[in-house]
Amino acid sequence: MNELFDLYQEIILDHNRRPRNYRTLEEPTSSADGYNPICGDELKVYLKLDGDKIKDISFQGQGCAISKASASLMTVELKGKTLAEAEAGFKRFQEMLAEEVDQEVDFLDFGDLASLSGVRRFPARIKCATLAWHALEAAVQGQEEATTE
Amino acid sequence: MTESSQTALGGNRIESGLDVHALRARFPILAKRIRDNSFVYVDNAATTQKPQSVIDVLNEYYTDQNANIHRGIHYLSEQATEAYEEARCRVARFINAPSERQVIFVRGTTEGINLVAQTFGRQRIRSGDEILISTLEHHSNIVPWQLVAEAQGAVIKVIPIDDRGVLDLEAYRALLNERTRIVALSHVSNAIGTVVPIVEMCREAHQKGIPVVVDGAQSAPHMKVDMQALDCDFFVFSGHKIFGPTGIGVLYGKDEWLRDMPPYEGGGGMIQSVTFEKTRFLEFPGRFEAGTPHIAGSIGLAAALDFVEEIGIDKIAAYEEEILHYATEQFSSIDGLRILGTAPQKAAVLSFVLDEAHPHDISTFLDQDGIAIRAGHHCAQPLMKRLGVSGTARASFSIYNTREEVDKVADSLRKIVRFFKR
């Protein structure tokens with residue numbers, strides 16, 4: 001059960017119950033649908049840019065606790081950041097999820113997103129955690145949708 | 001599966017007279033432990049576990065009999081050919097086909113439907129024609145027809161369901177018209193368990209001269225499927241959902257259609273003679289079995305059907321109905337649990353959602369307790385949309401599932417509700 005509690009940490013349950021930035025954006029710079037064909041979950045990420053800077057970011061859609069919390073945490077993390085920082089964040093996030101399970105890794109520099117490190121132990125759920133990030137990447141690249149496949 | 005007994009369930013040897021514990025001992029995998037828990041396998045609509053007798057014949061085949069069929073003039077090839085053709089006869093007896101020639105071995109239900117769509121379908125469907133399916137369909141009885149419809153300029157029409165998941169037969173009658181060229185129906189819904197009245201629906205389609213293709217993937221393991229009683233034009237099912245190996249399935253067709261259908265795949269094993277200018281094809285079933293078939297699979301399937309008949313399909317149906325009834329009762333008492341699919345005629349498939357937890361979260365939690373269910377859209381996204389959900393959690397039962405296992409799943413679900421509610 002410890003692994004479960006590691007996966008469903010309090011902060012994740014909180015973001016699942018009360019997702020932050022869970023709304024549409026008026027006149028977004030761009031938006032994209034993230035789609036997980038395995039489960040059929042779908043969420044949309046909205047992006048408002050000011051030059052290179054993420055002025056506002058939000059999401060809406062259906063998903064499990066992991067995908068919803070991950071999307072919520074992502075929007076909190078990235079608001080006010082630059083696109084380059086967002087890109088680096090996605091890369092770092094993917095690296096975190098790819099870390100060896102038995103490896104003691106320090107995710108302190110990662111803020112609240114580190115609460116998702118428990119997903120590493122549940123390979124079937126990694127795509128839930130990355131869904132919003134894939135949608136964001138698509139939105140940045142001007143695509144309409146992204147899938148986790 | 002029908003309106004049989006729903007009396008009080010006492011002990012493990014219940015109403016149907018099936019000794020579940022003796023039966024469980026024949027499935028070696030059920031003794032497995034998962035994460036320090038006894039293994040509770042309730043994902044039987046995805047695939048069933050295999051009895052030792054099926055595992056043994058596969059082992060024996062590769063240990064002692066392996067050779068290619070219909071080719072070699074040598075001892076083992078003759079033996080393998082005989083075993084393969086004997087398996088065909090075994091299937092024909094099981095489904096009461098008029099002739100074993102009407103049994104075509106395929107990889108599974110998906111390939112069977114694609115075969116019918118790409119041969120019979122293409123031959124029959126023209127621009128402006130209609131293909132009639134139902135809201136209950138698995139993607140494998142939607143997509144193959146969409147491919148044909150697109151190629152031929154035809155249209156897919158869909159029979160609606162009510163909120164219980166029951167087909168609207170009045171709408172069905174209205175949808176059958178002179179443009180309808182094929183009706184393709186799942187016999188039992190894989191996602192919510194509805195049993196479809198195939199006999200009646202075939203009769204009505206036939207009155208208008210329309211052939212019916214039946215996806216029997218979920219019915220063959222759980223109820224008697226008699227081709228002459230159903231009177232369907234094609235019937236398809238998978239071996240692995242009826243205690244047999246993966247990679248082997250059956251397509252049954254009526255003689256009058258199979259006779260004129262063009263080949264599906266070309267290759268060895270399906271020809272009478274080949275020149276660079278012209279190939280003459282075998283008659284069915286050989287015409288539709290290009291390449292080396294899944295010989296071991298066919299023998300394994302025959303062993304699986306032996307197993308089913310030894311237990312008795314009616315007994316299986318009665319036992320599963322009891323388990324479904326018990327599980328429905330237990331699950332219904334869980335706070336915030338909603339069952340999707342409440343048709344009066346239902347196979348042992350229990351699809352549900354929880355207010356507090358998404359199906360994937362449910363599945364991850366149950367897995368920690370050694371319980372295997374399926375979570376997601378069950379390859380029936382249009383049905384999920386109709387039911388207003390993106391997916392469900394699904395427990396699907398088989399003859400080896402016990403009431404204790406149902407209790408374990410229910411206990412585990414209560415734990416999940418508590419966890420997400422806190």
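Which residues form one aromatic cluster with F5(A)? The cluster also holds Y8(A), F365(B), F419(B) and F420(B). The legends below describe close-up views of a predicted model.

**Figure 1. Aromatic cluster with residues of chains A and B.** F5(A) and Y8(A) are grouped here with F365(B), F419(B) and F420(B). Over all chains, the structure holds 22 aromatic pairs.

**Figure 2. The aromatic pair F120(B) and W257(B).** The ring centres are 5.0 Å apart and the planes stand at 65°, so this pair is edge-to-face. F120(B) belongs to helix α4 of chain B and W257(B) to helix α9 (residues 255-258), and the two are 137 residues apart. Both F120(B) and W257(B) are buried.

**Figure 3. The aromatic pair F243(B) and Y400(B).** With ring centres 6.3 Å apart and planes at 70°, this pair is edge-to-face. F243(B) is in the loop between β9 (234-238) and β10 (249-253) of chain B, while Y400(B) is in the loop between β17 (392-396) and α14 (403-421). The pair links parts of the chain that are 157 residues apart. F243(B) is buried at 1% relative accessibility, and Y400(B) is buried at 0%.

**Figure 4. The salt bridge between R90(B) and E309(B).** The distance from N to O is 2.8 Å. R90(B) is buried, with a relative accessible area of 6%, whereas E309(B) is partly exposed at 40%. A search of the whole structure finds 32 salt bridges over all chains.

**Figure 5. The salt bridge between D129(B) and R181(B).** Here the N to O distance is 3.6 Å. D129(B) is in the loop between α4 (109-124) and β5 (130-134) of chain B, and R181(B) is in strand β7 (residues 180-186), so the pair ties together parts 52 residues apart in sequence. D129(B) is buried at 6% relative accessibility, and R181(B) is partly exposed at 26%.

**Figure 6. The salt bridge between R107(B) and E111(B).** The side chains meet at 3.4 Å, N to O. R107(B) is exposed, with a relative accessible area of 58%, but E111(B) is buried at 13%.

**Figure 7. Charged ends over aromatic rings.** The charged end of K68(A) sits over the ring of Y22(A), 5.8 Å from the ring centre. In chain B, the charged end of R101(B) sits over the ring of F284(B), at 4.3 Å from the centre.

Definitions and conventions. Residues are numbered from 1 along each chain as its sequence is written. Chains are lettered from A and ligands numbered from 1 in the order in which they are written. This is a predicted model: local features need pLDDT of at least 70, side-chain atom pairs count only at pLDDT 80 or more; totals for chains, interfaces and linings use all residues. Side-chain values use heavy atoms; hydrogens and water are left out. A salt bridge is a side-chain nitrogen of Lys or Arg within 4 Å of a carboxyl oxygen of Asp or Glu. Buried means under 20% relative accessible area, exposed over 50%, partly exposed in between (1.4 Å probe, protein chains only). Helices (H or I, at least four residues) and strands (E, at least two) are DSSP runs, numbered from the N terminus. Rings of Phe, Tyr and Trp (its six-membered ring) pair if their centres lie within 6.5 Å; planes under 30 degrees apart count as stacked, over 60 as edge-to-face and the rest as tilted. A charge sits over a ring if NZ of Lys or CZ of Arg is within 6 Å of the ring centre and within 35 degrees of the ring normal.
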